[in-house]
Amino acid sequence: ELWKLSATAVSPTLWNNDWDGAGIVADDFLFEGGENSQFHVVKLNRGYDAAGKVTVDPELVFNTPSWDQQLINDLAGNRAKEFSIENSVSMSGNTAYWANSGGLVMGWDMGPLRTGGKPTQTLRFWAGDDTDASIVIDAEGFLYVAVEYERGNRRAAEVGQLMKLDPKNPTNPLVWKYDDRGANPAGFWATPALHKGVVIAPANGGKVVGLDQQTGAELWSFKLAGPTWQSPVVVDDVLIQGDCNGVLHGYDVSDPRTQPTEIWNVAIGGCIESTPTVWKGRIYFGTRAGRFFSLGDDGTLTSPTASAVGGGGE
């Protein structure tokens with residue numbers, strides 16, 4: 001162990017001490033959100049010693065709460081101090097974006113860190129409810145934010161559960177919204193995918209939708225066994241999406257504006273919540289049944305033996 005950062009190292013905190021989301025390393029800085037409700041920036045101070053070995057001497061150089069008093073007031077006692085950051089950090093240029101479990105979306109310009117200055121906030125937008133999905137950024141810098149529906153507050157109806165934001169217009173960033181409030185809980189846990197001008201997102205109830213990236217209009221939908229929390233992955237015009245019956249599906253999205261056609265499916269068993277990684281013709285993913293799988297483009301399916309990951313037997 002070279003270094004560690006305790007979730008209790010900063011204050012004030014308004015939740016627990018887990019680290020759920022992935023951080024980003026850029027220009028020798030680590031940007032990371034915590035379930036302790038704080039956002040952290042660590043200067044890594046990487047280098048080489050006289051023997052050519054890598055050195056690292058990290059120090060926490062900036063932190064900021066993911067919440068403010070206005071958010072506490074707006075939630076009006078409805079889980080008003082659950083402010084963990086469970087999504088992974090997203091960056092566009094010098095700006096880092098994240099959201100918390102109170103639904104507050106923030107953008108901060110990290111550019112001043114390079115010259116010893118302090119980051120400045122550039123965006124504050126309340127999405128109304130818990131936001132576990134990571135913020136997706138397109139080539140023009142627009143943000144796509146997927147939000148859960150559990151609190152049932154008025155703000156959720158105003159801004160929807162899947163939205164496009166323009167951070168260049170911070171006073172009124174909402175471009176379009178998509179509603180998913182047919183049940184409670186509803187909304188989106190998964191991070192959307194962008195493919196050829198279409199936003200693809202699976203909702204908690206199992207509905208997978210394709211929306212026009214410019215207008216938010218629904219182009220198509222289909223139903224899987226929910227809850228569908230696995231984030232969609234598109235590789236070589238194939239949408240990979242798992243369901244909670246333990247089936248991994250592949251859909252043709254070469255023309256994503258038309259209804260996708262299923263081209264294959266593999267029954268695995270165990271609700272598929274993890275987002276697949278695709279590498280050299282194989283798909284790697286885990287399930288709620290406690291197993292990790294590798295699926296080949298030749299149709300082969302393998303899983304490490306339990307002894308290989310610390311257990312005993314298959």
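At 31% relative accessibility, arginine 181 counts as partly exposed, a class that lies between buried (under 20% relative accessible area) and exposed (over 50%), using a 1.4 Å probe and protein chains only. Its partner is aspartate 179: the two side chains meet in a salt bridge, 2.9 Å from N to O. Aspartate 179 is partly exposed as well, with a relative accessible area of 35%.

Before we go on, please note that this is a predicted model, in which local features need pLDDT of at least 70 and side-chain atom pairs count only at pLDDT 80 or more, while totals for chains, interfaces and linings use all residues. Residues are numbered from 1 along each chain as its sequence is written, and side-chain values use heavy atoms, leaving out hydrogens and water.

**Charged pairs**

Side chains of opposite charge can pair when their charged atoms come close. Here, a salt bridge is a side-chain nitrogen of Lys or Arg within 4 Å of a carboxyl oxygen of Asp or Glu. A search of the whole structure finds 15 of them, including these:

| Pair | N to O distance |
|---|---|
| Aspartate 179 and arginine 181 | 2.9 Å |
| Arginine 155 and glutamate 158 | 3.2 Å |
| Glutamate 218 and lysine 207 | 3.4 Å |

Arginine 155 and glutamate 158 sit three residues apart in helix α2 (residues 154-159), about one turn of the helix. Helices (H or I, at least four residues) and strands (E, at least two) are DSSP runs, numbered from the N terminus. Arginine 155 has a relative accessible area of 21% and glutamate 158 one of 43%.

Glutamate 218 belongs to strand β20 (residues 218-223) and lysine 207 to strand β19 (residues 207-212), so their pairing ties together parts that are eleven residues apart in sequence. Both are partly exposed, glutamate 218 at 39% and lysine 207 at 28%. Elsewhere, salt bridges with shared partners join Asp28, Lys43 and Arg46 into one network.

**Nonpolar cores**

Now let us turn to the buried residues. A nonpolar core is a set of buried Ala, Val, Leu, Ile, Met, Phe, Trp, Tyr and Cys residues joined through side-chain atoms within 4.5 Å. The largest has 21 residues, and Phe31, Phe39, Val41, Leu71, Trp98 and Met110 have the most contacts inside it. Two or more residues come from each of β2 (29-33), β3 (38-43), α1 (69-75), β8 (95-99) and β9 (104-109).

What is leucine 71 in contact with, leaving aside its neighbours within four places in sequence? Its partners are Phe83, Asn100, Gly102, Leu104, Arg124 and Trp126, where contact means heavy atoms within 4.5 Å. A second, separate core of 14 residues includes Tyr144, Leu162, Tyr178 and Val199.
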